[in-house]
Amino acid sequence: QVQVLQSGGGFVQAGGSLRLSCTASGSILNIVSMGWYRQAPGNERELVARITSGGPTDIADSVKGRFTISRENAKNTVFLQMNSLKPEESGVYYCNARVYTAVGVWDYYWGKGTQVTVFS
């Protein structure tokens, strides 16, 4: 079993900052990647940023220069620093981890989501 625990989020005025944290734990052999997805009401879940042990691999164009994803490999933890937030970036943010639990056995694991609300 793998657990993905998220923290952070909340309410912030437009232009403000928030930081999200996510830690994976349990029967982990190796974590290939960790990332953050956002889902606004009525919309599909979309990738915000993703990082492997070697560094960031994918960052949505809309957040480049304002959001930073980082990872503490030894702690199986990923962070998303969000600056200059916009109201349209409100939604539920989900942490995702691609995890090997045994040799040749991997799956995606999701956190429960955390609400981010940006008001103008």
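Mentor: Start with the rule for ring pairs: rings of Phe, Tyr and Trp, the six-membered ring in the case of Trp, pair if their centres lie within 6.5 Å. By that rule, ring pairs link Y37, Y94 and W110 into a cluster. Keep in mind that this is a predicted model.

Trainee: How many aromatic pairs does a search of the whole structure find?

Mentor: Three.

Trainee: Why is the pair of Y37 and W110 called edge-to-face?

Mentor: The ring centres of Y37 and W110 are 5.0 Å apart, and the planes are at 65°. The distance is within 6.5 Å and the angle is over 60 degrees, so the pair is edge-to-face.

Trainee: What makes this pair a tie between parts apart in sequence?

Mentor: Y37 lies in strand β4, residues 30-39, while W110 lies in strand β10, residues 105-110. The pair therefore ties together parts that are 73 residues apart in sequence.

Trainee: How do you know whether Y37 is buried or exposed?

Mentor: Its relative accessibility is 15%. Buried means under 20%, so Y37 counts as buried. W110 has a relative accessible area of 37%; that lies between 20% and 50%, so W110 is partly exposed.

Trainee: And what type of pair do W106 and Y108 make, and why?

Mentor: Their ring centres are 5.2 Å apart with the planes at 90°, so this pair is edge-to-face. W106 is partly exposed at 36% relative accessibility, and Y108 is partly exposed at 43%.

Trainee: What makes W106, Y108 and W110 a nonpolar surface patch?

Mentor: Residues in a patch need over 30% relative accessible area. W106 has 36%, Y108 has 43% and W110 has 37%, so each clears that cut-off. The patch made by these three covers about 320 Å².

Trainee: Which charges sit over rings here?

Mentor: One of them is the charged end of R98, over the ring of W106 and 3.9 Å from its centre. R45 lies over the face of Y94, at 3.6 Å from the ring centre. The distance cut-off is 6 Å, so both values pass that part of the test.

Trainee: On to charges: why is the contact of R38 with E46 called a salt bridge?

Mentor: The closest N and O atoms of R38 and E46 are 3.0 Å apart. The cut-off is 4 Å, so the pair qualifies. R38 is buried at 7% relative accessibility, whereas E46 is partly exposed at 39%.

Trainee: How many salt bridges does the structure hold?

Mentor: Five. Among them is D61 with K64, the closest N and O atoms being 3.1 Å apart. D61 has 63% relative accessibility; exposed means over 50%, so D61 counts as exposed.

Trainee: What makes K75 and E72 a salt bridge?

Mentor: Their side chains meet at 3.6 Å, N to O, which is within 4 Å, so the label holds. K75 is exposed at 55%, and E72 is partly exposed at 33%.

Methods:
Residues numbered from 1 in each chain as written. Predicted model: local features only at pLDDT ≥ 70, side-chain atom pairs only at ≥ 80, totals over all residues. Heavy atoms only, no water. Phe/Tyr/Trp six-rings, centres within 6.5 Å; stacked < 30°, edge-to-face > 60°. Helix = DSSP H or I, 4+ residues; strand = E, 2+ residues; numbered from the N terminus. Buried < 20%, exposed > 50% of the residue type's maximum accessible area, 1.4 Å probe, protein only. Lys NZ or Arg CZ within 6 Å of the ring centre and 35° of its normal. Patch = residues over 30% accessible without salt bridge, like charges linked within 9 Å, V, L, I, M, F, W, Y side chains within 5 Å. Areas by Shrake-Rupley, 256 points an atom, 1.4 Å probe, with all protein chains shown as cover.
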